[in-house]
Amino acid sequence: MRIGIGGIAHETNAFSPVSTKLESFERREYAEGQAIIDKHTGVRSYIGGMIAEAGERGADPIAILYANAVPSGKIAKSALETLRDRLIDGLLAAHRTAPLDGIVLALHGAGAAEGYPDIEGEILRAVREVFGPVLPIGVVLDLHGNISEEMAEYADVLIGVKGYPHVDMFEAGRTAFGLICDMVETGSRPYMRLVRLPFLFAPGKGLTIEGPACDIRQRLLRAEQGDEDLIYGTFFHGFPFADVPIAGASVVTVARTREAADRYAGEISEYVWNRRADFDCRVIMPAEAMDKAMQYAEGPVIINESSDNSGGGSPNDATWLLREMLERNLPATAFSHICDPEVVRQAVQAGVGGRISCLLGGKTDRLHGDPIRLEDAYVKTISDGRAVCLSPMGKGSMMDIGLTVRLQIGNVDVVVSTQRAQEMDKRPFEIVGIDVTELRIIGLKSTHHFRAWWKDHSVAIVPCDPPGVHCSDLSQFQFMYIDKTYYPFNKEREWHFEV
Ligand SMILES: [Zn+2]
């Protein structure tokens with residue numbers, strides 16, 4: 001059995017001033033053919049899961065192209081078209097060598113390009129156009145995907161992760177690949193039902209360890225365990241910051257009968273709708289979070305700056321939380337990391353043991369706080385910024401935050417990097433010689449992914465969510481294209497599931 005695998009993944013934040021080009025994919029992850037297999041074998045990623053399932057099923061995963069850029073602004077039209085065409089050409093070339101029996105793609109779900117507000121719909125349309133209506137096509141997606149009717153039309157199965165943090169990427173990749181193998185072996189097709197809700201909410205309320213999204217996840221799992229007709233269900237949170245007409249929450253079920261697909265899609269989506277008010281968010285400034293964190297006698301307490309999450313397209317150079325930490329100047333506090341290549345270059349020039357005066361952060365736009373003026377900051381360490389990820393989310397993959405320095409500013413240790421990334425684990429601190437177990441307060445930039453590792457390595461987590469392109473208070477944004485009749489923009493909105 002020959003199954004073509006690959007993907008094009010991007011979470012687009014329309015409010016980011018950083019446009020996404022072909023080089024943006026090449027910088028984070030771009031691979032073709034065997035290089036994809038080599039990179040993902042044994043890694044807890046979507047592709048890693050597909051490879052593992054292929055091994056189990058005795059199938060040949062024919063890797064074509066996998067491109068994944070750090071979330072940022074709209075994708076350039078030419079970049080999307082180039083990636084799409086290379087993927088199609090690669091699939092066709094493999095098919096000519098020996099016919100493919102199916103295709104499984106990892107597409108994030110919240111990608112938007114100039115001229116293509118739904119890149120996943122466009123990629124799937126192009127694949128279907130070339131391979132016709134019969135070839136089984138499976139897709140694995142991030143739960144932040146904005147799922148369109150086109151995606152459901154062109155794919156046979158849409159499988160999303162259920163966890164935020166996305167600790168189940170590997171399992172979701174396995175499931176999608178296994179379902180396509182089943183389709184090839186049996187010749188039968190499962191039923192899929194998509195329900196799009198008139199409801200938008202920001203990632204800040206999407207945590208699936210506790211809260212409303214956790215309750216919805218539990219309900220989905222119970223439904224899957226309680227009825228063997230239901231194969232898999234996903235609650236897609238959606239991603240409002242893509243600012244596209246299809247942005248919104250949705251539920252997708254894959255089942256052995258049409259009746260089960262409809263029934264569970266209806267039950268879960270009605271439950272989501274009834275919980276909608278539990279997802280409302282407000283701005284939380286760092287001072288409030290610092291006051292809370294200081295109440296703990298022991299450390300480390302984590303303060304996460306949710307609104308400057310590079311994983312949601314933020315610049316990673318906001319100064320709101322860092323400024324507050326520097327002003328309080330408490331012993332045993334550290335911050336990682338702020339992305340500022342200019343400051344890293346200056347520190348490297350000064351060398352270890354040197355001192356620098358400069359403006360730090362706040363350089364991408366005016367929304368994320370003003371630059372911080374540093375006087376005589378001490379350069380403690382310089383690192384290449386690379387280490388193998390420890391987190392259950394993406395374990396075994398390579399963290400690479402580029403050339404990185406540790407500056408000591410008063411009592412506070414500050415990690416400054418040249419690449420954007422979230423703190424998935426202690427590595428960004430460790431590579432510059434900071435022992436996180438000795439810290440009282442740690443500041444970092446992430447919304448929820450950091451929790452997969454840090455929840456077991458901290459005494460408490462205190463979020464802050466100041467202004468920024470990933471702030472969860474949607475009333476802060478001037479949306480252009482999303483549907484304003486959706487909740488929470490229209491609090492009176494009514495909706496009922498219809499079979
Ligand atoms: Zn996500």
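Predicted model: local features only at pLDDT ≥ 70, side-chain atom pairs only at ≥ 80, totals over all residues.
Reader: Where should I start? Which order do the strands take in the open sheet of 6 strands?

Author: The order is β2-β3-β1-β4-β5-β6, and the pairing is mixed.

Reader: What does pairing rest on in general, and which ways can strands run?

Author: Strands of a sheet pair through backbone hydrogen bonds, and they may be parallel or antiparallel.

Reader: How many bridges join β4 to β5, and do the strands run parallel or antiparallel?

Author: Strand β4 (residues 102–107) and strand β5 (residues 137–141) run parallel and are joined by 4 bridges. Within β5, Val139 is the residue that Leu105 stands opposite.

Reader: Which strands does α4 lie across?

Author: Helix α4 lies across β1 (2–9), β2, β3 (60–68) and β4. Its direction is at about 170 degrees to β3.

Reader: And α7, which strands does that one lie across?

Author: Helix α7 (residues 169–186) lies across β1, β3, β4, β5 and β6. It runs at about 160 degrees to β6.

Reader: Now helices against helices. What describes two packed helices?

Author: The description consists of the angle between their axes and the distance between the axes.

Reader: What are those values for α4 and α5?

Author: Helix α4 (residues 77–97) packs with helix α5 (residues 119–131) at an angle of about 30 degrees, and their axes are 10 Å apart. That angle makes α4 roughly parallel to α5. The crossing of α4 past α5 is right-handed.

Reader: Which residues make the contact?

Author: On the α4 side they are Leu80, Arg84, Leu87, Ile88, Leu91, Leu92 and His95. On the α5 side they are Ile119, Glu122, Ile123, Arg125, Ala126, Val127, Val130 and Phe131. By class, the contact of α4 with α5 has 11 nonpolar, 1 polar and 3 charged residues.

Reader: Let me try another pair. At what angle do α8 and α9 pack?

Author: Helix α8 (residues 212–226) and helix α9 (residues 258–274) pack at about 165 degrees, with their axes 10 Å apart. As a result, α8 is roughly antiparallel to α9. The crossing of these two helices is right-handed.

Reader: Which residues meet there?

Author: Asp215, Ile216, Arg219, Leu220 and Ala223 in α8 meet Tyr264, Ile268, Tyr271 and Val272 in α9. The residues of this contact divide into 7 nonpolar, no polar and 2 charged.

Reader: Changing topic: what is the strand order in the open sheet of 8 strands?

Author: The order is β12-β13-β16-β17-β11-β18-β10-β19, with mixed pairing.

Reader: Why is one side of β12 and of β19 left without a neighbour in the sheet?

Author: β12 (355–360) and β19 (460–464) stand at the edges and each has a single partner strand, so one side of each has no neighbour in the sheet. The twist from one strand to the next averages 30 degrees.

Reader: What about β16, which strands does it pair with?

Author: Strand β13 (residues 372–383) runs antiparallel to β16 and is joined to it by 5 bridges. Strand β17 (residues 412–417) also pairs with β16 in the antiparallel sense, over 5 bridges. Leu407 of β16 is the bridge partner of Val379, and its bridge partner in β17 is Val414.

Reader: How many residues of β16 are buried?

Author: Strand β16 (residues 404–409) is mostly covered, with 5 of its 6 residues buried.

Reader: Which residue takes a positive phi in the hairpin of β16 and β17?

Author: Gly410 does, with a phi near 60 degrees; the hairpin has 2 residues between the strands.

Reader: Last one: is Glu150 buried or partly exposed?

Author: Glu150 counts as partly exposed because its relative accessibility is 38%. The residue is found in helix α6 (residues 149–154). Apart from neighbours within four places in sequence, Glu150 is in contact with Asp118 and Gly121.

How values were computed: Residues numbered from 1 in each chain as written. Heavy atoms only, no water. Axes fitted to C-alpha atoms, helices over the stretch in contact; angles between N-to-C directions. Parallel < 35°, antiparallel > 145°, perpendicular 65-115°, else oblique. Left-handed = near helix turned anticlockwise from the far one by under 90°. Contact = heavy atoms within 4.5 Å. Nonpolar A, V, L, I, M, F, W, Y, C, P; charged D, E, K, R; others polar. Buried < 20%, exposed > 50% of the residue type's maximum accessible area, 1.4 Å probe, protein only. Pairing = 2+ DSSP bridges.
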